[in-house]
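Here are my notes for you, written as a few numbered points. Keep the picture open while you read them.

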Amino acid sequence: MDFTGKVAVVTGGANGIGRAVSLGFARRGAKVVVVDWDAEAGAAVAAEIGEAAIFRAADVTRSADVQAYVQAALDAFGAIDCFHNNAGIEGRVAPTAEYDEAAFDAVMGVNVKGVFLGLRHVLPVMVRQGRGAVVNTASIAGLVGTAGMPAYVASKHAVIGLTKVAAGEVGPLGVRVNAICPGPIATRMVRDIAKQVSPNNPEGVEERYASSIPLRRYGTAEEVANLVLFLCSDLAGNVTGAQYVVDG
Ligand code: NAD
């Protein structure tokens, strides 16, 4: 997986999975545009990479911010070969009958509209180039239901829908679009979900979840990054419109 001469844009690149993907692209020769609304952590990732990276602060739910990070990538590096459309939030843990409306809108805003806007503004660039690979971050919550997470589950099912539609549209134009479906990965997100489920014993929640996984542990952000890099690489040249599970 050699990305020398390639340009990668990673949303949610400041932390967790997106950070591991940003570092992974850079280690394999890519120029990287780290996009996040967490300016401090995002700038730190770009600084860790050095000259081959820039950080761009953006709220992925705002069209103007999305257009600005796309333009920043083109101004800095002249192309977008790989796009990890990854920023996401978990929302509240509560049953559908009690779920807060504002929390529902917030989750759909980042996880669905944010992913749509990324596709809306990156795909024209890739189509113009006649090449490119997109990986949208869905989740195993995009494949099955989880009680207590109606907005998150609905949003990740939607990401898989967006992936299939875009793949069909841009495949004939040389652009691939896939989705990944991570299971529990050791990042801030699962730690905060465990705290919501059991504020007094989040470790107990993690132990229970982990014991139900055949590999008996949470995945690492690096293990997810490996899949993203594979799907963005020429090794995956015949893979599009697919959803790949990485969940132990
Ligand atoms: P994380 O919270 O560590 O990282 C998410 C990043 O997205 C953060 O840096 C955050 O600042 C950024 N972000 C959130 N909203 C944003 C917005 N509106 N604009 C710009 N940036 C924004 O969590 P993570 O686990 O690395 O999550 C990354 C992706 O992986 C998410 O889409 C998440 O739903 C998905 N996912 C995570 C897990 C898991 O177990 N951790 C499992 C399946 C899917």
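1. First, the term we need: a salt bridge is a side-chain nitrogen of Lys or Arg within 4 Å of a carboxyl oxygen of Asp or Glu. By that rule, the count here is seven salt bridges. As background, side chains of opposite charge can pair when their charged atoms come close.

2. Some ground rules before the details. This is a predicted model, where local features need pLDDT of at least 70 and side-chain atom pairs count only at pLDDT 80 or more, while totals for chains, interfaces and linings use all residues. Residues are numbered from 1 along each chain as its sequence is written, and side-chain values use heavy atoms, with hydrogens and water left out.

3. Take a look at Asp-81 and Arg-131, whose side chains form a salt bridge at 2.7 Å, N to O. Asp-81 sits in the loop between helix 3 (63-77) and strand 4 (82-85), and Arg-131 in the loop between helix 4 (101-129) and strand 5 (132-137), so the pair ties together parts that are 50 residues apart in sequence. (Helices, H or I with at least four residues, and strands, E with at least two, are DSSP runs numbered from the N terminus.) Asp-81 is buried, at 5% relative accessible area, whereas Arg-131 is partly exposed, at 37%. Buried means under 20% relative accessible area, exposed over 50%, and partly exposed in between, using a 1.4 Å probe and protein chains only.

4. Now for Arg-188: which residues is it networked with? Salt bridges link Glu-90, Arg-188, Asp-192 and Lys-195 in a network. Glu-90 and Arg-188 meet at 3.0 Å, N to O; Glu-90 is in the loop between strand 4 and helix 4, and Arg-188 is in helix 6 (residues 188-197), 98 residues apart. The closest N and O atoms of Arg-188 and Asp-192 are 2.8 Å apart, and both residues lie in helix 6, four residues apart, about one turn of the helix. Glu-90 is buried at 8%, while Arg-188 is partly exposed at 39%.

5. Finally, helix 3. Val-66, Tyr-69, Val-70, Ala-72 and Ala-73 are buried there. Down the helix axis, these buried residues fall within an arc of 155 degrees, so they line one face of helix 3; the arc is that of the directions from the helix axis to the C-beta atoms. The face turned away from that buried side carries the exposed residues Ala-64 and Asp-75. Just after helix 3, Gly-78 has a positive phi of about 85 degrees.
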